[in-house]
Amino acid sequence: MQTLLETADIDHLRAALTRAGFTASGIAARLGPQAAADAGRSDFRAALRITDSGDPLDTLIRLFICGQTEPESAVAAALAPLPVAAARAAGLLVQGEGGLAAGVDLEPYGDWWVLSDLPAQPGRQLPADHVLGVGGASTTLAGATVRTPVGTALDLGTGCGVQALHLSTHARAVTATDLSPRALRFAATTAALNGMSWELLQGDMLAPVADRRFDLVVSNPPFVVGPGLATHVYRDSGRAGDGVCAELAGAAPTLLAEGGTLQFLANWVHVKGEDWEDRVAGWFAGTGMDLWAIQREVSDPLDYVRLWLADASEKHDAQRAAQWLDWFAAHGVEAIGFGLVTARNSGKADPSVVCEDLRQQVQAPLGDRVAEWFTRRDWLDAHDREQLLAARYRRVDGLQLRQEATMGDDGWMVDRQLLAMPEGLRWVEEIDPLILALVSGSNGDLSLRDQIALLATAHEAPADALSEALLPVIDHLVERGLLLPTS
């Protein structure tokens, strides 16, 4: 795949960035915490005051971070040994009033550099083939990905290559695909600038990797929900509704190797009279995949349309917004959900399928929490009724009991009791006194069967009946991580 710069010029650019210290840590050290934080919110006042020395790092910060036009002599010194002519020919620089300005977004990202199109600016509508840089969705997916070492990994819809960079840290071979040839040029340049080699393939969705299987597939697809009109390749799939996500889910059996994992960001519609959980689970019906889908946000149709029109800096088009909203209304769409879908080709005869809301902030990185969830789910699925009763359980470290009470004539009366996890997935579960007694006694010393026997005696209830009532509770508490098996 062709890069923006020739190989020798990419080497020259890497040398210039390294020599200047134009890295995430180098910029943070130069600006300091407050100015760096302000710059991250597009307030460059402090950064511009600090970077007035004219040295290479200051020039690169002003050029690529603050979006300033800088004197050609200063830019040439900062980019040496990369010739300014080569940078201009590749589109990295453009002529500005009185000097040179950035023609692309060159962003230090962790220990890497990422190249993409310049971000949206007020009043400047994004072109149809715009290539996004590092953004909220890409960092969300990167943080949510399970980082177990794998042999082969696929970044489907790579854009500028953010996910592929992360995959390179734990996959022996990385393949990245995109419908946009322009995106693949940026991805190829990002890979080369960071000294990496990826297989880059052009085509729509699964077409470039038909009949191939991978150990890990990640995707930030063009998931925007609507009538199927494709105006911007980074957000629009050309499929109506949430069809692109359903298509990706349905392909999991042919896309994943045995034991392989698929993780993707998705939007799904909330249709009147239909549970969203049933809709997303239905995408995977008959695939044999273990599934954990978590809904992180929900938007109403009007806010959703406004968000995505503004995202591309599109001019207000009342007719287009009305058509979009009319489509939602005609299809009974009451809301649109956003979340993370993780599916795994476990080979189980009876796969686990869980779709649930997870709105609270969780302990980062989410990818570790996803891996832990599947580990707990595997343990539960591998143990039958007798084995679950024979096992010993302990409370997760730091588990808290919270109570809500109302003052009455006789003092405080407890209305609700809740168990709260201060770390991990940070679930808060309402419980009754029986479950509280069970959890309180879960210190790993007694088997569940022995615990239930003690509770049965205390409550004068049949142990077998209590077991049948509490086993689903144990399943739920272990799945969510409030209780952990000791073996």
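Me: Over residues 19–102, what percentages of the chain are helix and strand, and how far apart are the end C-alpha atoms?
Reply: The model is predicted. The UniProt annotation "domain: DUF7059", from an unreviewed entry, covers residues 19–102. Over these residues the chain is 57% helix and 10% strand, with the end C-alpha atoms 19 Å apart.

Me: How wide an arc do the buried residues of α1 cover around the axis?
Reply: The buried residues of α1 are Asp9, Ile10, Leu13, Ala16, Leu17 and Ala20. They lie on the same side of α1, because the arc they cover around the axis is only 120°.

Me: Which elements do the buried residues of α1 pack against?
Reply: Residues three or four places apart in an α-helix point the same way, because there are 3.6 residues a turn. The buried residues of α1 pack against α5 (56–65), α6 (72–79), α7 (84–89), β3 (105–109), β4 (112–116) and α10 (181–193).

Me: Is serine 447 buried or exposed?
Reply: Serine 447 lies in strand β17, residues 443–447. Its relative accessibility is 11%, and the cut-off for burial is under 20%. Serine 447 therefore counts as buried.

Me: Which backbone atom does the side chain of serine 447 reach at 3.1 Å?
Reply: Not counting residues up to four places away in sequence, serine 447 touches Leu389, Ala390, Ala391 and Arg392. At 3.1 Å, its side chain reaches the backbone nitrogen of aspartate 450.

How values were computed
Residues numbered from 1 in each chain as written. Predicted model: local features only at pLDDT ≥ 70, side-chain atom pairs only at ≥ 80, totals over all residues. Heavy atoms only, no water. Buried < 20%, exposed > 50% of the residue type's maximum accessible area, 1.4 Å probe, protein only. Helix = DSSP H or I, 4+ residues; strand = E, 2+ residues; numbered from the N terminus. Arc of directions from axis to C-beta. Contact = heavy atoms within 4.5 Å. UniProt positions renumbered as here; feature names shortened; annotations may be inferred. Polar contact = N/O pair within 3.5 Å; in protein donor to acceptor, adjacent residues only side chain to side chain.
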